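Reader: I've got a new model open and I'd like to learn how to read it feature by feature. Can you walk me through it?

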Amino acid sequence: MDKEIYFDPKLTRDDRLVLESLAADVRGQEASPGKDDEALAALMESTNTPGTAEFEPTVFTSWDYANIDWKTPFNAWVLAPYVRIAKGIVRKETDVVMLTHILLYFSTSVPSALALFFWRFHWLHGIAHFAMQATYVGTYTLMMHQHIHMRGVLAKPFALFDGLFPYITDPLMGHTWNTYFYHHVKHHHVEGNGPNDLSSTLLFQRDSLPHFLMYLGRFYFFVWLDLPLYFLRTRKYVLAGKALFWELGNYSFFIALFRINPRATFCVFLMPLFLMRLGLMVGNWAQHAFVDHDEPDSDYRSSITLVDVQSNRHSYNDGYHTSHHLNPMRHWRDHPKSFLRGKEQYASQGALVFHNIDYMILTIRLLMKDYKTLSKCLVPIGPEQIAMTMEERAAMLKDHTRQFTEEEIARKFNVKKATA
């Protein structure tokens, strides 16, 4: 069965170690944190800990620190000094990559946007600018995911810039001011895909295209109203006011710019906004598509783990979504270590782990009802899953995408009716 597990050569080292551990479990028909797993977790911990001989900061998303040839002139005389300086600028010394990307955005996205508005506009430049942003938005969003949970990514001496730069870069990447923070931290992690979560998947058939379009449409057109109303219902009146102020304030900003330069506004702000809102809902749909009807309020049974290149190498270990829900303050570099040490619990809880697929493709495969591909991407964890045939895996996954009835929600969550 472990022959179905594909080891992408672009996996991060930690992802490869996690996948090798899971493959060994499949061969051995077990899932327990044995000596090998603890040794792997200890290695991951040492590479994440400044001051140890094994410490490795992340400098780029595409290359691991250990694979950089530090003897070449450029790396020795330019990159190495940059890393030394950057470790003192970022909040966590592991996170040099975040400064790398902030510098990238301010040296490409910002000048390009300014040129489109204040120098001269050309449609080729406008489309090229949007295409560039489309390659940035995934990694940027997951950097901001760390930012909103940890209230920043830079060291204290740079707190002012750390707090202000998102007001420049967020709209360029399709985010409206502060909505990601209010929706994700102050709302989604409070409700946890429950019946009062505005982005809950419970009331939808998760392999249905019409249901997905309804889910997407509500967020696209009504988040500006839904989120403040949610805070009003939960008696968080200050948050309701702030969420409405920033959302409508950002729309007013777009309208004012559109009157000045409609073509530049469309390419620089509106096209990224349309793309980002689609991406956020595609991602959340996949993250919470498979929900166990017996325990839908369990983080293990209402979210998933992905071991893949796009989610983890390029998106700050976003694939470890169950780990994130178990501890939203967990640093992104600690997810693989935490998964290994908690693997026995994941197995006993019937958690779902996939590989060689990202959230976007997972959503597409779901809407195609392609359970054969999804079954092949599933990495069985625990004796029960390991013993399943491909057909049994497909049946399990299909059952987990089944829409909840109002009666089921009332019984499982002890509520009268879903209010989201």
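Author: Let's begin with what counts as a helix here: a DSSP run of H or I with at least four residues, numbered from the N terminus. Keep in mind that this is a predicted model. By that rule T100 lies in helix α4.

Reader: Is T100 buried or exposed?

Author: The cut-off for buried is under 20% relative accessible area. T100 counts as buried because its relative accessibility is 16%.

Reader: And what does T100 touch beyond its sequence neighbours?

Author: Leaving out residues up to four places away in sequence, T100 touches V59, F60 and Y82. Y82 is 18 residues from T100 along the chain, and their C-alpha atoms are separated by 9.5 Å.

Reader: On to strands. How should I think about their faces?

Author: In a regular strand the side chains alternate between the two faces of the sheet. Now look at β1, residues 304–307: I304 and L306 are on one side, T305 and V307 on the other, and all are buried, so both faces of the strand are covered.

Reader: Which strand is joined to β1, and how do the two run?

Author: β1 is joined by four bridges to β2, residues 352–355, and the two run parallel. For individual pairs, I304 has L352 as its bridge partner in β2, while L306 has F354.

Reader: Which residues of β2 are on each side?

Author: L352 and F354 are on one side of β2, and V353 and H355 are on the other. These residues are all buried, with both faces of β2 covered.

Reader: Now helix packing. What do I look at?

Author: Two packed helices are described by the angle between their axes and the distance between the axes. Take helix α6 (residues 123–150) and helix α11 (residues 262–287): their axes come within 9 Å and cross at roughly 30°. The crossing of α6 past α11 is right-handed. On the α6 side the contact includes W123, I127, F130 and V137, and on the α11 side it includes F266, M271, P272 and L275. By type, the contact residues of α6 and α11 divide into 13 nonpolar, three polar and one charged.

Reader: What about nonpolar cores: how many residues does the largest one have?

Author: The largest nonpolar core has 38 residues, and those with the most contacts inside it are M98, M143, Y182, F231 and Y316. Elements giving two or more residues to this core are α3, α4 (96–107), α6, α8 (179–191), α9 (209–233) and α10 (237–260). The largest share, seven residues, comes from α6.

Reader: What is F231 in contact with?

Author: Ignoring neighbours within four places in sequence, F231 is in contact with Y182, K186, H187, K236, Y237, L239, A240 and A243.

Reader: Last one: backbone angles. Where is N193, and what is its phi?

Author: N193 is in the loop between α8 and α9, and its phi is near 65°, a positive value in a residue other than glycine. N193 counts as buried, because its relative accessibility is 0%. N356 also has a positive phi, near 60°, and is found in the loop between β2 and α17 (359–367). N356 is partly exposed, with a relative accessible area of 39%.

Terms used
Residues are numbered from 1 along each chain as its sequence is written. This is a predicted model: local features need pLDDT of at least 70, side-chain atom pairs count only at pLDDT 80 or more; totals for chains, interfaces and linings use all residues. Side-chain values use heavy atoms; hydrogens and water are left out. Buried means under 20% relative accessible area, exposed over 50%, partly exposed in between (1.4 Å probe, protein chains only). Two strands pair if DSSP finds at least two bridges between them. Axes are lines fitted to C-alpha atoms, for helices over the stretch in contact, and angles run from 0 to 180 degrees between N-to-C directions. A crossing is left-handed if the near helix is turned anticlockwise from the far one by less than a right angle, and right-handed if clockwise. Contact means heavy atoms within 4.5 Å. Ala, Val, Leu, Ile, Met, Phe, Trp, Tyr, Cys and Pro count as nonpolar, Asp, Glu, Lys and Arg as charged, and the others, Gly among them, as polar. A nonpolar core is a set of buried Ala, Val, Leu, Ile, Met, Phe, Trp, Tyr and Cys residues joined through side-chain atoms within 4.5 Å.
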